[in-house]
Amino acid sequence: MTTATSDGAASAALEEFLNRPPTVGQRIHGILHGQPALSPAIVLVLACVGFSLTSSHFYQLQNLSLVAQQVAVVGSLAAGQTLIILTAGIDLSIGAIMVLSSLVMANLSYQQHVPGVLALLVGVAIAIAAQAVNGILVTRIKLPPFIVTLGMLSVFTAITLIYAQGQTIQLQPGAFLLWTGETFAIGSLHLTYGVLLMIVLYLVFTYALRFTAWGRHLYAVGDDIEAARLTGISVNRVLLSAYLVAGVAVAVAAWVLVGRVGGGDPNSGLNANLESITAVVIGGTSLFGGRGVVLGSLIGALIVQVFDNGLALAGLDPNYQVLAVGVLVIAAVSVDQWIRSVKA
Amino acid sequence: MTAPVLEARGLVKLFGRVIALDSVDLDLYPGEILAVIGDNGAGKSTLIKCLSGVLIPDRGKILVNGREVRFRNPQDATHAGIETVHQVLAVAPALDIASNLFLGREIRRKGPLGSVLRMLDTKEMRRQSAEEIRKLGIGTLQNIGQAVETLSGGQRQAVAVARASAFGSQVVILDEPTAALGVRETGQVLKLIRDLRATGKAVILISHDMPHVFELADRIHIQRLGGRAAVITPKTHTMEDAVAIMTGAKTMMPSRSTD
């Protein structure tokens, strides 16, 4: 394109062709390219409007409060998953680590009578350490993230079950660790502190990705790892940091999970691994790395929850929700392919 | 003659049993354009990668301003004032032009926003990028906030060259900088290379394009079979001579007759 115009040999007709106004498709492509969270946001709005029409209960604040409370665990987890997917990786073990962390928190607090704050810190340390193992295997042993985390999924699931000995733990009401499950009201909107914690997590991650050099480097590494290395970015350090910071999100998710189930349950969060990936993908983040925003993952998690809630209120078979989510995942990845393939 | 800014002495690099570099010497003086030419597989790219910290030579020394340096990674070379535009374009496609120019050396905001919250000074980086692009006379790059993947191959190359010229304080290495460019952009890059020389920077230019090499270079380093076959100047030798040395049809004594 440039060669044609810059040779000075371009005819007027060619100039005109090159300077033609963009088509509608190109315009949409350009907008979506710049705003990866826009298409999931539109889906979310459409879903909310649709379900409001099918059920008058849907848009009541009480119901929306419920949706928000239900989304907090997977939402927090998806924030961490986003970081790893942005590096062109994937974390299949993220939910298993969350369950282990939550169980350790609850168990220390209940059986060992460790103060809640200390139990929380141990749980946080376990989540970060577990992600450090993933990160080291990926960066030092050079294993594909898919394989590393597939293996770690089994490892952490087994450790959780061995540690729990089949028991669930119910914490006393008022325990420090249950703070994330306590509600506060804004008008008739009843949110848990867990929801608040999740929102803070998203704000911090959004800031770090948008406004710091670390965020730029994370995108660059996910985009083209060789190019990033040649520009002088310490690729391994950036990759490892993505896993460690994701560990923080896992820890937050674990704490929110404790608040949600009222203690520790080895059978909770069984589908959290895949649900977090689903949220990230529906949220417009590219599985090929380097593209997407963390806010999109929150929207993705909300879409799944809204479908779940809305279809139940409409009195439909809950299996339709599973079906709808499947269709959305395929649609989201198709849109991503389109955004990546066409050059503006 | 002044002291060389960059020297390589006896560089050896093996890939398994393949000898990519066989005891190569190189001298680069401030304010000169040294062209490195050679047939495919002569070791040009390997030599450049050793000088830019991408590869670590198995044996031999690299000296910057007479002092021996050991580059363990590209950052080390960058810190020594050596910038490289690689043949494989080192740009992040999804990031915008300004982010690419400053990738790996971002400017932070002044005050606590920058030091505590580590916030980037996007405005300042864009301003400096726009200035750098304007200096190069790349008028086709209008929007500095444009993603690099929306640019043509030539424009991307221009971004990479701008990046190197902005930060290479002593040495700028260009590996086939015009290979993917259109006629006008090639002219701009050639002009830029001259401008770099005028500022006193030393330039290493790897190119297959003999007319460009003979037009620009002060001296020409000819690689052949992993070693330095000769160093000639456009004044003392013709293109035919250069090609003959490159292909081995003509040999020169390894003594540096033209230094």
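I began with the term for the core: a nonpolar core is a set of buried Ala, Val, Leu, Ile, Met, Phe, Trp, Tyr and Cys residues joined through C-beta atoms within 7 Å. A residue is buried if 20 or more other C-beta atoms lie within 10 Å of its own, exposed if 12 or fewer, and partly exposed in between, with C-beta atoms placed from the backbone.

I noted that the model is predicted: local features need pLDDT of at least 70, side-chain atom pairs count only at pLDDT 80 or more, and totals for chains, interfaces and linings use all residues. Residues are numbered from 1 along each chain as its sequence is written, while chains are lettered from A and ligands numbered from 1 in the order in which they are written.

**Entry 1: core.** I looked up the largest nonpolar core, which has 171 residues; Val250(A) and Ile303(A) touch the most other members. Helix 12 (residues 235-261) of chain A gives the largest share, 19 residues. Helices (H or I, at least four residues) and strands (E, at least two) are DSSP runs, numbered from the N terminus. Which residues does Val250(A) contact, leaving aside its neighbours within four places in sequence? I found Leu77(A), Gly80(A), Ile94(A), Ile97(A), Met98(A), Ser101(A), Ala127(A) and Gln131(A). Contact means that the C-beta atoms of two residues, placed from the backbone, lie within 7 Å.

**Entry 2: chain A overall.** I listed 15 helices and four strands in chain A. Its C-alpha trace spans about 80 × 55 × 35 Å along the principal axes. Buried residues make up 49% of the 344 residues. Of the contacts with a separation of 6 or more, 76% join residues 24 or more positions apart.

**Entry 3: helix 13.** I then examined helix 13 (residues 272-282) of chain A, which is largely enclosed by the rest of the structure because ten of its eleven residues are buried. The buried residues include Asn273(A), Glu275(A) and Val280(A). Among the elements covering them are helix 5 (61-86), helix 8 (145-164) and helix 14 (294-313) of chain A. Gly284(A), with a positive phi near 90°, follows helix 13 of chain A.

**Entry 4: sheets of chain B.** I traced an open sheet of four strands in chain B, in the order 2-1-4-5, with antiparallel pairing. Two strands pair if DSSP finds at least two bridges between them. The edge strands are strand 2 (18-28) and strand 5 (67-69) of chain B. Eight bridges join strand 1 (residues 6-15) to strand 2 of chain B, and Leu14(B) has Ile19(B) as its bridge partner.

I found another open sheet in chain B, with six strands in the order 6-7-8-3-9-10 and mixed pairing. Strand 6 (82-85) and strand 10 (227-232) of chain B each have a single partner strand, so one side of each is left without a neighbour in the sheet. Strand 3 (residues 33-38) and strand 9 (residues 219-224) of chain B run parallel, joined by five bridges; Gly38(B) is partnered with Gln223(B).

**Entry 5: interface.** I counted 30 residues of chain B in contact with 24 residues of chain A. Helix 2 (74-79), helix 6 (153-167) and helix 7 (183-198) of chain B each give two or more residues to that side of chain B.
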